Amino acid sequence: MHTPEVGIESDKRQDLKTQADYDKLFAIYRNTNLQETIGKQQEILNLLAEYQRIALTCFEANICQCHRKHLAEAITQLGDWQYEMKHINFTSSTHSNSNNSARPLPRTFSRSVSK
């Protein structure tokens with residue numbers, strides 16, 4: 001399922017050169033887009049409730065430079081949150097595709113084993 005509403009428009013990502021640039025972008029993202037897309041975030045949480053495990057994926061391999069970290073954190077703040085969030089780290093040396101490039105790093109959610 002692709003939910004572009006919870007992403008960041010391409011034109012806003014074009015001139016990011018330093019981590020400080022990303023940090024500024026994500027501050028804006030948290031204060032605007034994430035506030036405006038709570039309904040879509042709830043839809044993602046509803047999918048988790050239905051399937052018990054989902055992954056948020058992105059083409060950005062560095063979690064510090066990816067919106068999914070902030071999206072995942074926003075979803076955990078929704079009232080129905082009762083899951084465990086895990087960051088799965090794939091490295092290009094152990095998990096690469098046929099083009100020898102690294103896979104994206106997903107955020108996964110699964111129902112917590114302890115209540």
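Me: Which backbone oxygen lies 3.1 Å from a polar atom of the Arg68 side chain?
Reply: That oxygen belongs to Glu60. The model is predicted, so local features need pLDDT of at least 70 and side-chain atom pairs pLDDT 80 or more, while totals for chains, interfaces and linings use all residues. Residues are numbered from 1 along each chain as its sequence is written, and side-chain values use heavy atoms, without hydrogens or water.

Me: Where is Arg68, and is it buried or exposed?
Reply: Arg68 belongs to helix H4, residues 67-76 (a DSSP run of H or I, at least four residues, numbered from the N terminus). Arg68 is buried (under 20% relative accessible area with a 1.4 Å probe, protein chains only; exposed is over 50%, partly exposed in between).

Me: What about a salt bridge for Arg68?
Reply: Arg68 has none; Glu60, the nearest side chain of opposite charge, is 6.9 Å away. A salt bridge needs a Lys or Arg side-chain nitrogen within 4 Å of an Asp or Glu carboxyl oxygen.

Me: New topic: how many disulfides are there?
Reply: The count is zero, with a disulfide taken as two cysteine sulfur atoms within 2.5 Å.

Me: Which residues of H1 are buried?
Reply: They are Tyr22, Leu25, Phe26 and Tyr29. On the other side of H1, Lys24, Ile28 and Asn31 are exposed.

Key. Helix = DSSP H or I, 4+ residues; strand = E, 2+ residues; numbered from the N terminus. Lys, Arg positive; Asp, Glu negative; His and termini not counted. Polar contact = N/O pair within 3.5 Å; in protein donor to acceptor, adjacent residues only side chain to side chain.
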